[in-house]
Every structure is written in structure tokens, then in C-alpha cells.
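Student: I am new to this structure and would like to learn how to read it. Where do we begin?

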Amino acid sequence: MRRTRRSSSRLRIIPALGLLAALLLPLALTFAPPATAAPAADPVRVMPLGDSITGSPGCWRAVLWNRLLNSGYKDIDFVGTLPPQGCGQAHDGDNEGHGGELVTNVADQNLLPGRLAATRPDIVVMHFGTNDVWSSIAPDRILAAYTKLVTQMRASNPDMRILVAQLIPMNPGSCAACAQRVVDFNARIPDWARATGTERSPVTVVDQWTGFSTATDTYDGVHPNASGDDKIAARWFPALKAALDAGVPQDPGDPGEPAACTARFRAVSTWQGGYQGEVTVTNTSASAASGWTATVAPAGGARIGQVWNGTLTTAADGTATVTNAGWNGALAPGASATFGFVATTPATAGAPAATVTCTAKSSGA
């Protein structure tokens, strides 16, 4: 601890300073207090959740973290009750990747709520179930555990955004059947996600299986090596970027910039041979929009045959273009318009799905 040396010259100037303060005090009463700076926004809290693919050491998290930083995402915080496990590059290493854990055990033993309470994530990035598949646990039971965990996530945060991986391939020498089990389980995840996601708390499936090789991207047929870490991070990045962009208030830009929009699809109801769908178009710019056009490409061979709150044009491949009606084209910044449609589907079609995009027309254009 440093000692403070007394100075006789300092003591001599104190009376002069006191006199100056007395002279300035009446003037100070006329000054307005300094403005208080607005508090900084809390960072978005991202929980990497899973087993030894995510932890131990789970170096794809380091690759992903640095890619986010290099892309301009500064206000993020990776969270978890586990500390970093190295990885040789600076990153926020907090995580919830417990080596050897089964997602069914986490659900059965209610282990997740305490971890959520300790870390309060806004987004969960989940690659979980490798040990369950290895243990030959039925897909129905694993997906039931997924559902329970999602319910617990939403109890912690009703606006939780959830990214769920289709598992990377697995081909350990001690489990000849594991490779096919992963394929079979992954095939079930998209339908589960469509049934589980909500507009407020969406569930996004991220395909970590395609293009991943156990021969070149793992060191033991199960756990990723450096090449595997790069591939996993590359697959997470666009989905996590989209979740961050959707959940973090963005600079809307100048009012003079061109209008822009996003479109979101949801299935309202289904029946044998068809379904009712809905698309919401939102003006995401700071400029007013005088009109919009949405493109809907239904999956599974579906065809759109009837639209309301918009005007329909259908291409030969089934892609539908819907322009606004006369009364719902004008959208103020942040405002939305919704149109509905009926689609017919082949008997073999799966759950309703569609790729939707939109363009907006600026006022005065």
C-alpha cells in the first residue's frame, strides 16, 4: 500500500481554494445537473447446452465465439455453470456441456432448471443426445426429453430462442449400429421442432450432420477434431446470427433509407390433403412502405390455391407470389400485415413447411 506524503505547499493553498469555492457556489446553483448516461443494454446470453460434444473441451464454441466477434457481435455472453476447458484461443468459454450426460437423464432428474436459474440465457444452442443414441434409447423418449427441456427453458424465459442440432455423425468402433441410429433420430427432429416451436419462442433446427465425416472430422469416430470444430461452428453461425438479429434491437437506419421487410410462415391448421397457412410481413426499416410482395415456396409438393388479404400469382413450379391488397400495403416502420392461404398437399406430404421471403416498396417510389 502506498503511503501519502504530506506537503506543506498543499496545506498553504487550501485557504485559497476555500475562498474560490465560496465565490463560485452561488453561480453553481444556476447550472443544470449533468445528464445521466443511459444504461448500457445487457448482453445477449447464449447457453451452449449438451454433452462432451459441447464441452470437454468443445472447441467449436471458441471458433463460433470469435467468428461472432469478428462479425461485429460485441454484446454477447456465453453462459453456463461449467468453466472454459482451454482450446488454445481466447473466447468466452462458459458452457453447459457435461461430458457423458444423457439428455433423458437431465430431463428425468430435472437438472436443467437450476442451471437456467444460475445463468438466465436468452438463447440456447443445443447439441444433445449423442449418449442417448449410443445407449440405444428410443427416439420417442429422447424427443420427450427435448420437449421437457424446452418447457423448462420457457418457464425460465418465455421468449427463449432455441437452436437444436441434428447430431453430428457417430461411428465408434464399439458401436456398429450407432451410425444408423443417428440417422434415424435426426430424421425425427424437424417434425418435432415444427410441433414444438412457437412464434414467441421459436425452435430452429440446425443440420450438423450433412457434410460431417467421422473419418476426417473426429479423432475417435465421435468427438470433433479441429476440422470438425470448424464445421460445427460454421453450421451454428448463420442460425445464431439470425437469432441475435431477431432478438437484439438494431439501429433502424435513417428514415430516408429504402424500406425493407421480413416474412414469417406458420401453419394454422392441417387436414388430410391440405392445410391453412399464414404469412406475416413486417417492415423492418425506418422508412414507411407503400406496398409489399411476398414469395412463398411450399415444401413437399404443396400448391397454394386460395389467398385472402393479398393477390396471388403462381409459377409453374408451385412458388406463389402474393402482393398486398389495396388496404394493407402501407406499413409504418415496425408495422406488420398478414395474409392467409389454403394449400393442397400430396398424400405423402409431411408437416406443413414453406420458405418465405419478401420485398417492400418505399413510399413515393
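Tutor: We begin with burial: a residue counts as buried when its relative accessible area is under 20%. Keep in mind that this is a predicted model.

Student: Is Asn95 buried or exposed?

Tutor: Asn95 has a relative accessible area of 0%, so Asn95 is buried. Across the protein, 41% of the 365 residues count as buried.

Student: Where does Asn95 sit, and which residues does Asn95 touch?

Tutor: Asn95 is in the loop between β2 (76-78) and β3 (96-97). Leaving aside residues up to four places away in sequence, Asn95 touches a set that includes Pro48, Thr54, Arg61, Val79 and Leu82. A polar atom of the Asn95 side chain also lies 2.8 Å from the backbone nitrogen of Gly97.

Student: How many helices and strands are there?

Tutor: The protein has 9 helices and 14 strands.

Student: What describes two packed helices?

Tutor: Two packed helices are described by the angle between their axes and the distance between the axes. Here, take helix α4 (residues 112-119) and helix α6 (residues 139-156): their axes come within 10 Å and cross at roughly 30 degrees. Angles under 35 degrees count as roughly parallel, so α4 is roughly parallel to α6. The crossing of α4 and α6 is right-handed.

Student: Which residues make the contact?

Tutor: From α4 come Leu112, Pro113 and Leu116, and from α6 come Leu149, Gln152, Met153 and Ser156. By class, the contact of α4 with α6 has 5 nonpolar residues, 2 polar residues and no charged ones.

Methods: Residues are numbered from 1 along each chain as its sequence is written. This is a predicted model: local features need pLDDT of at least 70, side-chain atom pairs count only at pLDDT 80 or more; totals for chains, interfaces and linings use all residues. Side-chain values use heavy atoms; hydrogens and water are left out. Axes are lines fitted to C-alpha atoms, for helices over the stretch in contact, and angles run from 0 to 180 degrees between N-to-C directions. Helices (H or I, at least four residues) and strands (E, at least two) are DSSP runs, numbered from the N terminus. Angles under 35 degrees count as roughly parallel, over 145 as roughly antiparallel, 65 to 115 as roughly perpendicular and the rest as oblique. A crossing is left-handed if the near helix is turned anticlockwise from the far one by less than a right angle, and right-handed if clockwise. Contact means heavy atoms within 4.5 Å. Ala, Val, Leu, Ile, Met, Phe, Trp, Tyr, Cys and Pro count as nonpolar, Asp, Glu, Lys and Arg as charged, and the others, Gly among them, as polar. Buried means under 20% relative accessible area, exposed over 50%, partly exposed in between (1.4 Å probe, protein chains only). A polar contact is a pair of N or O atoms within 3.5 Å; within protein, one must be able to donate a hydrogen and the other to accept it, and residues adjacent in sequence count only if both atoms are side-chain atoms.
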